[in-house]
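Please view the sequence and structure first.

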Amino acid sequence: MSEEHPALSAAHASWSAVHRKAKQEWLDLMADEIVIEDPIGVSPLDPIGKGQCGKEAVSAFWDRNIGPSTIEIEAHESFAAGDESAHVMTLTTTLPGGVKTIVHGIFTYRVNDAGKLKALRGFWQLDQMKVEQPG
């Protein structure tokens, strides 16, 4: 029986923590030099387009975007190579007030030698995000 690839394990642990709203557990998965780009490039979530760099910025990203919402993660396909995993996924986020946003894209997770996440990148386009109003 083979062991799960470290980058797959890190991705699965991240999804589990997000689903259970376990912020500290999620942060503990991260290396000190973590960079989250979700989505990659300039967006309302990242006006400079350089990503959320370091645990303090990632913690604030959680507080603004993950903590107040409910996020459903559906992985359609997953692949692992080297120190990374890539996943074709659909994320459905229910915001406070009931509005849902749905993004479909490719999400990558890179780990360091200790298995800690050092990069999480979301390849998806803001103009293709679906928005559903409550009710």
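Arg110 is partly exposed, with a relative accessibility of 30%. Here, buried means under 20% relative accessible area, exposed means over 50%, and partly exposed lies in between (1.4 Å probe, protein chains only). This is a predicted model: local features need pLDDT of at least 70, side-chain atom pairs count only at pLDDT 80 or more, and totals for chains, interfaces and linings use all residues. Residues are numbered from 1 along each chain as its sequence is written, and side-chain values use heavy atoms, with hydrogens and water left out.

Arg110 makes a salt bridge with Asp83; their closest N and O atoms are 4.0 Å apart. A salt bridge requires a side-chain nitrogen of Lys or Arg within 4 Å of a carboxyl oxygen of Asp or Glu. Arg110 sits in strand β5 and Asp83 in the loop between β3 (70-81) and β4 (84-94), so this pair ties together parts 27 residues apart in sequence. Helices (H or I, at least four residues) and strands (E, at least two) are DSSP runs, numbered from the N terminus. Asp83 is partly exposed, at 32% relative accessibility.

Arg110 also forms a salt bridge with Glu84, where the closest N and O atoms are 2.9 Å apart. That pair links distant parts of the chain: Glu84 is in strand β4, Arg110 is in strand β5, and they are 26 residues apart. Glu84 is partly exposed, at 26%.

## Salt bridges overall

Side chains of opposite charge can pair when their charged atoms come close. The structure holds six salt bridges. Asp83, Glu84, Arg110 and Lys118 are joined in a network of them.

Another salt bridge connects the side chains of Glu25 and Arg20, at 2.4 Å from N to O. Glu25 is partly exposed at 37% relative accessibility. Arg20 is partly exposed too, at 44%.

## Aromatic pairs

How many aromatic pairs does the structure hold? There are two. Rings of Phe, Tyr and Trp (its six-membered ring) pair if their centres lie within 6.5 Å; planes under 30 degrees apart count as stacked, over 60 as edge-to-face and the rest as tilted.

The ring centres of Trp15 and Tyr109 are 6.2 Å apart and the planes stand at 75°, so this pair is edge-to-face. It links distant parts of the chain: Trp15 belongs to helix α1 (residues 6-20) and Tyr109 to strand β5 (residues 100-111), 94 residues apart. Trp15 is buried at 14% relative accessibility. Tyr109 is buried as well, with a relative accessible area of 4%. The rings of Trp26 and Trp62 have centres 5.1 Å apart and planes at 45°, so that pair is tilted. Trp26 lies in helix α2 (residues 23-28) and Trp62 in helix α3 (residues 55-66), 36 residues apart. Trp26 is buried, at 2% relative accessibility. Trp62 is buried, at 4%.

## Around His5

His5 falls in the segment before α1. Is His5 buried or partly exposed? His5 is partly exposed, with a relative accessible area of 22%.

The C-alpha atoms of His5 and Ala80 are separated by 6.9 Å, although these residues are 75 apart along the chain. Beyond its neighbours within four places in sequence, His5 is in contact (heavy atoms within 4.5 Å) with Ala80, Ala81, Gly82, Asp83 and Glu84. Two of these contacts, Asp83 and Glu84, belong to the salt-bridge network with Arg110 and Lys118.
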